[in-house]
Amino acid sequence: RTMTLIISLYALWMLVGMIAGVWIWAVVLLLVGGFEALEPSIYFALAAYTTLGFGDVLPSENWRILGAMIGANGMLGFGLATAALVEFITSLRDDLQK
């Protein structure tokens, strides 16, 4: 039970980090003029970060390349988060078995 709670809190902390990354990209898109409002900027950043890429909302033509950069950042982020979670679980299990 304790291990499940600790792992859940760790995973939640990583999710908060990913959400922060999406918000940072959304603000960047807003500041460079990719979008005129925050809501579509967040929606696009989230769709790109998770590599869903719906395509129903797009930034201005000059900034569309950021969508690919956001997607690459998201793939890297999810991969690193998975590796970190596996390492954390392994380390936690080893510590609890001692």
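Select residues 2-31 to begin with helix α1, a stretch of 30 residues. Its first and last C-alpha atoms lie 43 Å apart, close to the 44 Å expected at 1.5 Å a residue; the expected span is 1.5 Å times one less than the number of residues. Helices here are DSSP runs (H or I, at least four residues), numbered from the N terminus.

The model on display is predicted, and local features are drawn from residues with pLDDT of at least 70, side-chain atom pairs from pLDDT 80 or more, and totals for chains, interfaces and linings from all residues. Residues are numbered from 1 along each chain as its sequence is written, and side-chain values use heavy atoms, leaving out hydrogens and water.

Colour the chain by pLDDT, the predictor's confidence in each residue, from 0 to 100. The mean for the protein chain is 94, and 100% of its residues reach 70 or more. Confidence is lowest in α3, with a mean of 93, and highest in α2, at 97.

**Within α1 and just beyond**

Return to α1 and show the side chains of I7, M14, M18, G21, V22, W25, A26 and L29, its buried residues. Buried means under 20% relative accessible area, exposed means over 50%, and partly exposed lies in between (1.4 Å probe, protein chains only). The cover over these residues of α1 includes α2 and α3. Just after α1, select G33, where phi is positive at about 95°.

**Helix α2**

Next, select residues 38-49, helix α2. The buried residues of α2 are S41, I42, F44, A45, A47, A48 and Y49, and they pack against α1 and α3.

Centre the view on F44, a residue of α2. Is F44 buried or exposed? F44 is buried, with a relative accessible area of 8%. Contact means heavy atoms within 4.5 Å. Leaving aside residues up to four places away in sequence, F44 touches L29, F35, V57, L58, P59, G67 and I70. For a distance across the model, pick the C-alpha atoms of F44 and M14: they are separated by 21 Å, and the two residues are 30 residues apart along the chain.

Move along α2 to A48. A48 is buried as well, with a relative accessible area of 9%. With residues up to four places away in sequence not counted, A48 touches G67, I70 and G71.

Select T51, found in the loop between α2 and α3. Its phi is positive, at about 60°, although T51 is not a glycine. T51 is partly exposed, with a relative accessible area of 45%.

**Helix α3 and its packing**

Select residues 65-97 to reach helix α3. This helix has 33 residues and reaches 48 Å from its first C-alpha to its last, close to the 48 Å expected at 1.5 Å a residue. Buried in α3 are L66, G67, I70, G71, G74, G77, A81 and L92, and what covers them includes α1 and α2.

Finally, show α2 and α3 together. How do these two helices pack? They meet at an angle of about 55°, with their axes 7 Å apart. Axes are lines fitted to C-alpha atoms, for helices over the stretch in contact, and angles run from 0 to 180 degrees between N-to-C directions. The pair α2 and α3 is therefore oblique, given that angles under 35 degrees count as roughly parallel, over 145 as roughly antiparallel, 65 to 115 as roughly perpendicular and the rest as oblique. On the α2 side the contact is made by F44, A45, A48 and Y49, and on the α3 side by G67, I70, G71, N73, G74, M75, G77 and F78.
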